[in-house]
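Dear colleague,

Please find below the structure that I am handing over to you. My findings follow directly after it.

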Amino acid sequence: MPIVVIGLSHHTSPVELRERFAFAEAKIPEALQKLRSNGVADEAVILSTCNRVEIYAATTNADHSAFQALRQFLVARGDYEGPLNDEIYNLSEPQSVEHLFKVACGIDSMVLGETEILGQLKKAYDLALQHKHTGGRLNKAFQRAFNVAKQIRTGTNIQRGSVSVGSVAVELAEKIFSALHDRHVMVIGAGDTSEKTARALLSRGAQSIIVSNRSYDRAEALARDLGGRAIHFEEWASEFQKIDIVISSTAAPHYVLDRAKLEPLMKLRKNRPLLLIDIAVPRDIEPEVNFLENVYLYNIDHLQAIADDYLKQRREEIVRCEAIIREKVKVLLNPEQPPGLASGSRAVFGHE
Amino acid sequence: MVYGLSAIYSVFLWRKGFRQHDRVNYGLLLLAAIFHTTAMFKRGFSFDRCPVNNLYEATLFLLWTIVATYLVVGLWPRLRFLGAFAAPLLFCVGVFALMPGLDNSYGARPEFKHDWVSLHAALILLSYGAFGLSSVAGLMYLTQEHDLKFRKMRAIFSLLPPIQRLELVIGRLMVTGFVLLTAGLVIGAVRLKLPEGVSYFDDPKVHWSILVWLLYLALLIMNWGFAQGGRRFAWGAVGCFLFVLLTFWGVNLMSPIHH
């Protein structure tokens, strides 16, 4: 009884289409029950995330008729009447199992190597398992997929490093400061990226956030969201003494912070290290400040370059990951016969 | 020779940006330390005293304190990369120790009690070991600080600790070294009686030791009192130890008391 996969993902379809086919978590057990009671699948797991909607099924039906039935089920479920060409993909063994392993490892994800998908896959599998919609084949395949994901995570660099501007900023801060839990962060200018960066720092334990913005109301709103304190824009320099990390993203057409202004402030700070993250365009911080001792300035291009480098490294790891996955799929689908087993009998995964 | 192999291996680790937990380097330094310890024990037992009685032995003792500290610290895998900084230093100083004229035969000076001489020498050499490690931490600081300033990718990839922690390590090792040096010098001045007609104040090594003591005191005061941390402090740690390394042997050879 082979495993097949049918679905659509960010590779094949836009979000407008994916959302039509998405399953609400509460509706998944019912959908699984329907799949099995209609004889479309003997075992099934439904994975529905913002980037993919997939049905993993083990079925005794021939591949062609299984795919036809699963497709009809999906289309009827999504109440979709528009044209469909290559948006929905069908995979049979061994590609189906290979695909499952790739999804578990984050190789098929939009953000290459991300780990969130593994949690979502585990949750989808647990849901099907709880409602007894899985059996020997899917149980074994999913358990193996989770093991392979663990092996790939520890044995390769596919998940290494940060690929977003916010997380790169956190990594930089961790290379400068002994610990982030007693660091004070100042956000100058309440933009979207600065908010994300501040949130990333807070999630790693940064102690406090001070928000300064030309519009005090916006500063207050963001400070409230971040659990910090808002100050008037003119006051940011007076608060500077205790600040360790500055995230700047104002819309000012000139430098908000330059060398002449920062030099005396550094003396007040007793030359403690200062990380400046300038994500504004045009830039808020004069590049010259990087020449000051204990000052580390990174602008949006520097952060993006680091994130891109990480992504490049992850891409280079894909070949290694795929080789490991192919090997694991081979072992799963064609396990060696245990010694002493009669040559005529088969205890092969999916075909016993 | 094993220190040499480790130093060569360290060059590769530097080039890679310390991205690997270098077990090989740790293994090489462990092997070198085993040989080193065995040789020191044999020498100590054959002369029936702590082997710190001439320049050659003093240098080897200094190396031993550095490698022993590294092996303990390196038990934590994340700090094993420190070997890449320690190995070249160990190798260079080790080669220096083999210079002719350093391993002179010696006899006990009857006017000194052996226990105080050994303690005086051991404390001072241990202080140099602490200063040596402080300079190693200083080198790490300068490497990481340079990479962060110039936005090198290896600043993030490397296994080096955050620069703020490195600065703390430099300071603590320097204080340790300073306390040991002070204790060693005080014991030397108070407990070791010189023969008639010989004065401490005529001895170049004593002048040199006071200079080293003052240099480190100045560095610590600058750091504590004037917030001169960061790069300048790291350069100070590296520079002062380099001064000790380059002048230690020469001054010892010039000193009638210590030679």
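In this predicted model, Ile3(A) stands opposite Ala58(A), a residue of S3(A). The strands concerned are S1 (residues 3-9) and S3 (residues 52-58) of chain A, which pair in the antiparallel sense over 7 bridges.

Both strands belong to an open sheet of 4 strands in chain A, with the order S2-S3-S1-S4 and antiparallel pairing. At the edges stand strand S2 (43-48) and strand S4 (89-91) of chain A; each has a single partner strand, so one side of each is left without a neighbour in the sheet. On average, neighbouring strands of this sheet are turned by 15 degrees against each other, direction ignored.

Helix H3 (residues 63-78) of chain A lies across S1, S3 and S4 of chain A and runs at about 40 degrees to S1(A).

I turn now to the contact between the chains. Chain A contributes 18 residues to the contact and chain B contributes 15 residues. On the side of chain A that touches chain B, helix H7 (165-176), strand S10 (295-299) and helix H11 (300-333) of chain A each supply at least two residues. H7(A) gives the most to this side, with 5 residues. By class, the side of chain A that touches chain B has 7 nonpolar, 5 polar and 6 charged residues.

With kind regards

Key
Residues numbered from 1 in each chain as written. Chains lettered and ligands numbered in written order. Predicted model: local features only at pLDDT ≥ 70, side-chain atom pairs only at ≥ 80, totals over all residues. Contact = placed C-beta atoms within 7 Å. Nonpolar A, V, L, I, M, F, W, Y, C, P; charged D, E, K, R; others polar. Pairing = 2+ DSSP bridges. Axes fitted to C-alpha atoms, helices over the stretch in contact; angles between N-to-C directions.
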